[in-house]
Every structure is written in C-alpha cells, then in structure tokens.
Amino acid sequence: MVWIYQTFKFIFLFTSAYSECISQTYENMSFQGGDVATVFTPNFEYCRIVCTYHPRCLLFTYLPATWTKDPAKRFSCILKDSDTEILPKVGMTGAISGHSFKQCDTQISACSKVVHMGLDMQGTNYNMTTANSYQECQKRCTNDNSCQFFTYASGAFHSADFRNKCILKHSMMGTPTSIRPLNNVASGFSLKPCQLSQTDCRLDIFQHTEFSGINLTSVFSPDTLVCRTTCTYYPRCLFFTFFTSEWKVKTQRNLCLLKTSRSGVPGDRVERENAMSGFSLLNCRRSLPACHSRTYIDTHFLGDELNVTYVKGDKVCQQVCTNTVRCQFFTYSCNKEDKCKCYLRMSSNGSPTGIVHEKGKISGYTLRLCKRKASTVCMQPPKQGERVVGGTVSSLGEWPWQVSLQVKSSTQKHFCGGSIISNQWILTAAHCIDNLEIPNLWRVYAGILKLSEIKEDTPFFRVQEIVIHPQYVIAETGYDIALMKLDRSMNFTDLQWPVCLPSKEERNTVYTNCWVTGWGYTKEQDDVQDTLQKVKIPVISTEECQTRYQQHMINDKMICAGYREGGKDACKGDSGGPLSCKHEEIWYVVGIISWGEGCARPEQPGVYTKVAEYADWIIEKTA
C-alpha cells in the first residue's frame, strides 16, 4: 500500500457500521486496510451483493472499468472487515466504496438479471454450444446445474469460431476470475437465485446415506436443514452429506460435507448409519432465505468470541446477535442463580468452529439475512396498558399491530380484523375474503382504537394484492390464512407497529399469556363494537379441543383457546384478527381467529389458524 501514500493525500474519515443500515456510497474513496478477499464483479451493485452475503465483509471498495492506475485490477471488488467495525477512508481517484447491506431492512437477494454488454466474465469454460441470442444463453446457464455465469459471442464477433456461441462457466468463488472489455460479447449470471430454473428441485433427505463426490469443504452444522441451506448458497455445491450427533467418529459429529461432481449428481449412495444426504435447493422455484431462525436446545456453538452480555431469554440473545453486525451465531446460558449470559461469536466462514451438546445451553444464528429482517422491529415491545365476548376495552396503542379491514361498496363498514407483520403486509383469515377477492374493495385502517373515529379524511391503505392459501376451501378444514399487500409502505409509530411471526421451529412452544382482540360482537346476537375489545384467553391442547369438536378434524395446523365454562371468546367481526401471545418479552401472532361453534359457549373453544405452521409460506409470499 506504499504507493497509495505516495500518490494520494489521506482523508481519515471514520464510518460506523454498528447495526445501522448505511446505503451511502463514496466516490473517489477507498477504505484503508481490513482486506479479507478480492473478487471480480461487473459493477458496483454486484460487489455490494457479494459483500452482503460474505460471512465477514462489512465494507468494500470497487475499482470500475474506468480505473486507470492498473488495468489488471479493473472490476476488482475488495471485501473488507474490521474488529472495530470502522475503517478510515482515503482519497483514491476512480474508486467507489460502500457498506454491506447486512443490517438493512431492504430485501436482500442474490438475484442479478442484468446482462453486461461488451464484457467477458472469465472463469472455467466447461461447455460451449451454439445459441441464437444472449437471452437463450442465459436460460441455458440457469438450467445447467454447474453454471454460475456465461459469455455469449454474437454473430459480429471477430473470430468466426466463436460467433453465436454460448460459453457456460464456473469458478471456485462463484464470481468471475477476471473481467475484460471485449467487443460483440455479452456476459451475465445464472438466474437460479431468481427462482427461474426449470430443472428438478430435489427436496428429499436420504436417511442413513452418504453421497460420494468431490468434497469442496466441510463446516459444522446443528442439523440437516442448516447443512442444506449452507450447500445452497456455497459456490459449486450441488449436494451434501451430514453426519449427525450420533455419528461413529466423534470429531466428525455435526459435520456437513459440501460436495460436487462433474456429472452434477452423486457418484454413489453408500449406506451409512447416522449419515443424511440431500441436494442444494438453488434450482428450486421458491425463495429460500440465507438464514436459520431456529434455536437449538442443549447445544453450544464454538467460535471466536466478540462479546458477552447479560440478557433474559434466548430470543433476546438472538436479537442482540442480529443487531451486532459482526455476530454470526450465539450461545445463551444461565447459571444456578438464574443469571443468563449471551455469548456473541463469529468465524471465518460464518459457521461454528465446533458444536458441543451441553445441557442448559441454547444456540442459534443471526437473523440479519432472513427474509423476515424487515420485521425484527417487532421485537420492540409496544406500550403497555387488558369482539371479544367477555372482554374489556383496550387503550390507544396497546395493540398496535391490530388493523380494521373494511369493505367499500355502497357503504363502508368494518368486516374483519388483521395483523401488521411488516411495513407492507397484513395477515388475516382466508374466509374473510370469500367472494371479496378484488383488492380495490378493501380499505385497511391502522392505529385505530374507535371505529367511530374513522371519517372521510381518515388516512387508510388500499390493497394492492391479495394472497389466499391455495389449499383453503372452508375455515373448518384448515388453511384459513391470507395475506394483503398494501399499496405503499407503512411508517411505523407507537400506534401502528408490526407483531412478530413465530418460526416453524417454535410451533411446539407453550404460550401462557395470550390475548384475543377485535371489534366484533360481544355476544352471539349483537353488533360490531365501537372500541377495540381485548380478553385474555388460555390455549388448550389439540387433544382436548378435538374432544369438544368431535364432528370436525382438529389438525396440527390449528390451535384452540378458550375457557371450559365459556364466557370469553372471539365472535363475528373478530375473524382474521390476532391471537397475540407474549413470550420472553416479545409479542407473537400465534393464531388467526378462524371459527368455532357460536361465541363463548361452554365447552366450545375458539379455533385459530396456527401461524407457526405457515411460517415458510408467509416468508415465501412476502419476499
């Protein structure tokens, strides 16, 4: 770096990356030091994507096509890290610098549809065929298991041997090994991360099976699903083998072997007790977050320690990790005095350096790359203040995620409830939308306590899109869940605030502090209430609920709540609203008000859609 000192005048401006989203770019600036890797990318935007997905990159400097100091370094994307999360900036003509989007609420995606004209993205050329256009070439790359990027030479290319040729390529890093300007060519990336592959999506997990192939690397993983996600996002990984905690070789327990092959499929499938194998999901036409939201009980993740703090609850520890930009995973542990520590950790590859099964410890990963990232604001508690049959009135801002869904026809009236789950999505019941699937019919009112407060000039949201679960038929048979996309983003305030979604792994959590809210009837023959009602209500087991509804099938996608003696329940007008439960100081929408026999009848609990069972569907549809 001596030449930099000789050529440029330093400007030491320090920039913070502390759990804040920084979208600012710095032209003619370079971050000094902290280099962890250098790759080649066709533009600044793709460099930022690479930095965001890299386990350690916090900042980066990009040298564009116009870089004149050293032509061999054009298109260089220099990934950087810092123990202090800050680096000095130095003037460097032509360079552009920026920050990772790890901490941003912006939707993060590895999808890049841009085709770069006049650039040859170089790598290992393994397949060359004739194609009529670069679009055809990109589609061919997308549908080829091994292809990461491509170059297409048009009919005007200077060498006749390469005219109208589509060259499929890959590299160890998944990015070009170099990039050069070249006339009459076009280069781009596979669209597999855009969920546009038309090849088979292999979801099978093969028990007691080891796949043979070329080992790319190995990492420690708590389970098969994390191993599969790691394979999906690791360059060139096509399939994997995971050794469980019962594997015969102690040092290889919880080891995830990432593999590839020249043929694109495993060479052999060898029977191995306590081994599990499967395939990358990169070909799947569904959104797959590059994160793991589950926490693991009696599990200790080893790694480089960043910090130790006192917190109450493993979910709070996970949120502290998420808000600490360098934290990749954590372990939560309490002593006999009930003092609980949160150990924030990292490693060079983003995975634990070891996994030990230790009673009382709980471990997990940061949520910073989760598709639910925009809703981590839900972790902040609302103000505290107690249709609902047998309920009492709520106070303003007590349930800030509750919305009134109103239908506009010849008149306008409250029709159903719903829950704010992000700045543009409302969660409700599918039966609310029966025969009302036209978005323009709906008005969404947030931050409302009394329906009588709604006037002509009261702000509301229109509905841009309605998504009903494809398996919904009637409420009593399940799948009673729907989503409404708002016509614009919602600004969060004390009166309108999202509620947290439980993850699928939390479906067996026991909730003891649950409330039903709504403007619905307070008895079976009644009218919609003016003021939002609330009532605390106990969750009951599926088995007990089934005995109360012997003419119906109560399945694991439903949750029931109510008092044996009746008297307190949801009723007409509450449908679609939340069953909100507080767990470890965080509010979750555990259920969606769905159906029941009458309202608040003895021995007839309310039946709710169990939100945790639909977590993957919600994430996929709102991505």
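**Notebook: disulfides, a core and a cavity**

I began with C284, which is buried, with a relative accessible area of 2%. I kept in mind that this is a predicted model.

Next I looked up the partner of C284: a disulfide joins it to C201, with an S to S distance of 1.9 Å. C201 is partly exposed, at a relative accessible area of 32%. The torsion about their S-S bond is about 75°, so this disulfide is right-handed. C201 sits in the loop between strand 11 and strand 12, and C284 in the loop between strand 16 (269–279) and strand 17 (295–297), so the link ties together parts that are 83 residues apart in sequence.

How many disulfides are there? I got a count of 14.

I picked another one, C545 with C560, whose sulfur atoms are 2.0 Å apart. With -70° about the S-S bond, this link is left-handed. C545 belongs to helix 6 (residues 542–548) and C560 to strand 34 (residues 558–561). Are these two cysteines buried or exposed? I found C545 buried, and C560 as well.

Then I turned to the nonpolar cores. The largest has 47 residues, and L427, W442 and I618 have the most contacts inside it. Helix 7 (615–622) is one of the elements that supply at least two residues each. I checked L427 too: beyond its neighbours within four places in sequence, its contacts include V589, I592 and I618. Apart from this core lies another, of 19 residues, with Y46 and F60 among them.

Last, I visited the second largest cavity, which holds about 80 Å³ of space. Its lining has seven nonpolar, four polar and one charged residues, and W399 and P400 are among them.

Notes
Residues are numbered from 1 along each chain as its sequence is written. This is a predicted model: local features need pLDDT of at least 70, side-chain atom pairs count only at pLDDT 80 or more; totals for chains, interfaces and linings use all residues. Side-chain values use heavy atoms; hydrogens and water are left out. On a 1 Å grid over the protein atoms alone, a cavity is a set of points where a 1.4 Å probe fits but cannot get out, and a pocket is an open set with protein on both sides within 12 Å along at least five of seven lines; lining residues have an atom within 4 Å of a point. Grid points are joined across faces, edges and corners, and a volume is the space filled by probe spheres set on the points. Ala, Val, Leu, Ile, Met, Phe, Trp, Tyr, Cys and Pro count as nonpolar, Asp, Glu, Lys and Arg as charged, and the others, Gly among them, as polar. A nonpolar core is a set of buried Ala, Val, Leu, Ile, Met, Phe, Trp, Tyr and Cys residues joined through side-chain atoms within 4.5 Å. Buried means under 20% relative accessible area, exposed over 50%, partly exposed in between (1.4 Å probe, protein chains only). Helices (H or I, at least four residues) and strands (E, at least two) are DSSP runs, numbered from the N terminus. Contact means heavy atoms within 4.5 Å. A disulfide is a pair of cysteine sulfur atoms within 2.5 Å.
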